[in-house]
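Open the model in your viewer and keep the sequence panel beside it. The stops below say what to select and what is there.

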Amino acid sequence: MAIQGPIPVTFGQVFPHGCYTVGEVEPVKDFDASTNGRFVQARDKQTGELVWQIPVMDADPALKAAQKTVAVKILSAVQPVPPAPVAGLPFTPVEFDGLTVTPYVNGSGRLAYSIKARQMLAPRTTTTPAKTNSKEAAA
């Protein structure tokens, strides 16, 4: 099979309606290397980089409440910093670059996905030209 390991995807494929941070960036624990009272941070198996995670809320209105919050793991040598909050919004919008998904079967026997990113950043704003009235354009 040609696909081996994490599957590269775009932000728009994973979060077509965008997403928002709903928690803090935290280190991911390496459960095999950590001992009682000694925390060891996980490293990515492919890159060796430290693994961090942040909970985000998917803005897709069609999702059920239980499906809205997911953890995105970020591979980075230093702790990633979320974008600045946006005035008037209860949650901070965020985007991710270098996304991959890894499918797996969870403890309930259901298909789930581990989402990893290389970078967290403020959403890119896209501007669309203002529509003009055809009568105004002809004048």
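Two strands count as paired if DSSP finds at least two bridges between them. Strands are DSSP runs of E with at least two residues, helices are runs of H or I with at least four, and both are numbered from the N terminus.

This is a predicted model, in which local features need pLDDT of at least 70 and side-chain atom pairs count only at pLDDT 80 or more, while totals for chains, interfaces and linings use all residues. Residues are numbered from 1 along each chain as its sequence is written, and side-chain values use heavy atoms, with hydrogens and water left out.

**Along β4**

β2 and β4 (residues 51-58) run antiparallel and are joined by 3 bridges. Within this pairing, Tyr-20 has Met-57 of β4 as its bridge partner.

**Thr-21**

Select Thr-21, which lies in strand β2. Is Thr-21 buried or exposed? Its relative accessible area is 9%, so Thr-21 is buried (buried means under 20%, exposed over 50%, and partly exposed in between, with a 1.4 Å probe and protein chains only). Apart from neighbours within four places in sequence, Thr-21 is in contact with residues including Ile-54, Pro-55 and Val-56, and also Phe-91, Thr-92 and Val-94. Contact means heavy atoms within 4.5 Å.

**Val-56 and the core**

Move to Val-56 and show what surrounds this residue. Beyond neighbours within four places in sequence, the contacts of Val-56 include Phe-15, Tyr-20, Thr-21, Val-70, Val-94 and Phe-96. Which residues touch the most other members of the largest nonpolar core? They are Phe-15, Val-56 and Phe-96, in a core of 18 residues. Such a core is a set of buried Ala, Val, Leu, Ile, Met, Phe, Trp, Tyr and Cys residues joined through side-chain atoms within 4.5 Å. Colour α1 (11-14), β4, β5, β6 (92-97) and β8, the elements that give two or more residues to this core. β4 gives the most, with 3 residues.

**The aromatic pair**

Select Phe-11 and Phe-15. Rings of Phe, Tyr and Trp (its six-membered ring) pair if their centres lie within 6.5 Å; planes under 30 degrees apart are stacked, over 60 edge-to-face, and the rest tilted. The count by this rule is 1 aromatic pair. The ring centres of Phe-11 and Phe-15 are 5.5 Å apart and the planes are at 40 degrees, so this pair is tilted. Phe-11 is buried with a relative accessible area of 13%, and Phe-15 is buried with 3%.

**β1, β7 and β8**

Now select strand β1 (residues 7-8), which runs antiparallel to strand β7 (residues 100-105) and is joined to β7 by 2 bridges. Pro-8 stands opposite Thr-100 in β7. From β7, continue to strand β8 (residues 111-117): 6 bridges pair the two in the antiparallel sense. Val-105 has Leu-111 in β8 as its bridge partner. β7 and β8 form a hairpin with 5 residues between them, and Gly-109 in the turn has a positive phi of about 80 degrees.

**The whole chain**

Zoom out to finish. The chain has 2 helices and 9 strands. Of its 139 residues, 30% are buried.
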